[in-house]
Amino acid sequence: MNLFQIKQYFLSKGAFSEKALFVLLFLFPILSLSVRHWLSGAYTLIVLLSLYYAWRTPKPLQREEKILFIIFGLYFFSILLSSTVTGWSEYSYHRLGTEMKYLAFFPFYLYVRQHPVSWQGLIMTIPLGGIVMGLQAIHDTYFSSIGHANGIYGPIIFGDLAVLLAIFPLIFALTNRNKFWAAINLLAAVMAMLAVIYSGSRNAWLAAIVSMIILPFLMGTRTTFWRVSGGYVAILAVTVVMIIYTPYSITSRFGVATNEFKSYFHHNFGASDQQIYTTSVGDRLEMWRFAWVIIKDNPLIGLGPGNLPGKINRIANNDDVKLPVIRGYGHVHNAYFEIMGTQGIIGLSALLLMLFYPLYVFVHNKRYDRRIASLGIIFISGFMIFSLTEVPFIHDNFSSIFLVFLGVFFAWIMHAKYSSRPV
């Protein structure tokens with residue numbers, strides 16, 4: 001869609017349900033982490049609309065969609081099972097607000113899949129979202145007291161979303177035949193990559209590197225070797241310049257992480273020098289170590305959502321250990337340990353299926369729409385890496401990012417496979 005087509009679309013007689021969805025998806029990436037509750041608010045509005053419109057013109061679900069629904073049902077069941085068997089705590093009730101988003105995915109997806117034209121709203125503003133995040137990163141780093149790209153929720157989610165909003169436009173730039181729009185998308189990729197670097201999020205840096213390695217294998221016949229090479233040279237050159245002019249307080253984080261990692265393993269547990277366990281890396285490694293101890297004692301259904309940090313604190317602060325781990329943290333900064341510890345093997349199995357099954361669908365069906373399949377593969381791969389040092393699935397805004405992009409990309413690849421009508 002171009003601007004003229006958008007104007008004609010809204011002037012034409014069309015269903016309100018489709019146009020409302022188009023607008024909400026169009027707004028979703030804009031100011032995503034610059035305005036508080038923007039992401040969760042947009043997802044909630046779509047869900048509210050879906051409660052009415054999802055059932056009005058139902059379409060038969062395809063086999064892949066039924067399997068996806070079963071996986072989401074299993075994930076939500078693991079939440080209820082662990083909470084009920086272990087006893088509902090204050091933390092379990094608190095987490096339920098976010099977990100309900102995964103139950104709401106059912107009407108959300110049924111609503112989204114009915115309106116293929118509205119998916120363009122999300123695709124069109126992804127580049128704009130990348131540009132805005134780059135501008136936000138510049139503001140936070142040079143014109144505020146923060147000193148690094150932070151957004152409104154901190155550098156981790158800011159850097160992780162910036163990775164997606166950098167690689168997605170890069171895919172558009174490499175596959176778009178229109179030179180003007182290819183240039184706009186390349187600019188968006190550069191600006192979002194600036195946000196990745198300036199966030200100082202080492203997890204985001206890793207996700208960006210992995211995504212850039214994967215990307216050339218996804219393009220296929222939609223572009224040429226020279227175009228991919230030229231795009232990479234441009235991105236690499238700009239990235240080098242970015243790093244050169246990036247404040248040392250940000251670039252030094254890589255060396256700091258390496259030193260903290262080495263120091264942790266060169267000291268014995270229980271040593272008198274407790275400072276080694278209270279570094280950023282030391283905190284995480286200690287949380288994972290204690291989480292594994294608890295997981296071995298509660299392997300099937302876990303402790304219930306939200307209960308893992310308290311249990312770790314009780315163990316860590318006994319007379320034998322006295323380590324101040326998990327200070328102020330509400331989770332263990334690893335989705336796999338967190339879900340295994342709170343929802344057991346059942347929950348972890350559902351989480352892995354929730355990641356690997358869509359990835360399989362995107363890879364297996366890339367011949368129907370290579371561009372959308374590439375977006376889906378980068379998206380799922382990114383969340384797999386994000387989950388190494390964060391728990392995206394227990395945060396409102398992170399969950400909204402996951403559910404909205406997954407819903408649109410999955411519905412799009414299903415449409416490409418089972419319908420001959422172009423979107």
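Is Val-163 buried or exposed, and what is its relative accessible area? Val-163 is buried, at a relative accessible area of 2%; buried stands for under 20% relative accessible area, exposed for over 50% and partly exposed for values in between, with a 1.4 Å probe and protein chains only. The views below show a predicted model, in which local features need pLDDT of at least 70, side-chain atom pairs count only at pLDDT 80 or more, and totals for chains, interfaces and linings use all residues. Residues are numbered from 1 along each chain as its sequence is written, and side-chain values use heavy atoms, with hydrogens and water left out.

View A. Helices (H or I, at least four residues) and strands (E, at least two) are DSSP runs, numbered from the N terminus. Leaving aside neighbours within four places in sequence, Val-163 is in contact (heavy atoms within 4.5 Å) with Val-196, Ala-204, Ala-207, Ala-208, Ser-211 and Phe-386. For Ala-204, the separation from Val-163 is 41 residues in sequence and 6.5 Å in space, C-alpha to C-alpha.

**View B. Helix α5 (residues 90-112) and helix α18 (residues 396-418).** The two axes come within 10 Å and cross at roughly 25°; axes are lines fitted to C-alpha atoms, for helices over the stretch in contact, and angles run from 0 to 180 degrees between N-to-C directions. α5 is therefore roughly parallel to α18, a term for angles under 35 degrees, with over 145 roughly antiparallel, 65 to 115 roughly perpendicular and the rest oblique. Residues of α5 that meet α18 include Tyr-102, Phe-105 and Tyr-109, and those on the α18 side include Leu-403, Phe-410 and Met-414.

**View C. Aromatic pairs.** The structure holds 34 aromatic pairs. One of them joins Tyr-52 and Tyr-53, edge-to-face, at 4.9 Å centre to centre and 80° between the planes. Rings of Phe, Tyr and Trp (its six-membered ring) pair if their centres lie within 6.5 Å; planes under 30 degrees apart count as stacked, over 60 as edge-to-face and the rest as tilted. Tyr-53 is buried, with a relative accessible area of 16%. Ring pairs also link a cluster whose members include Tyr-43, Phe-69, Tyr-102, Phe-362 and Phe-410.

**View D. Positive phi at His-37 and His-333.** His-37, not a glycine, has a phi of about 65° and lies in the loop between α2 (16-27) and α3 (38-53). His-333, also not a glycine, has a phi of about 60°. The loop between α15 (308-316) and α16 (335-364) holds His-333, which is buried at a relative accessible area of 6%.
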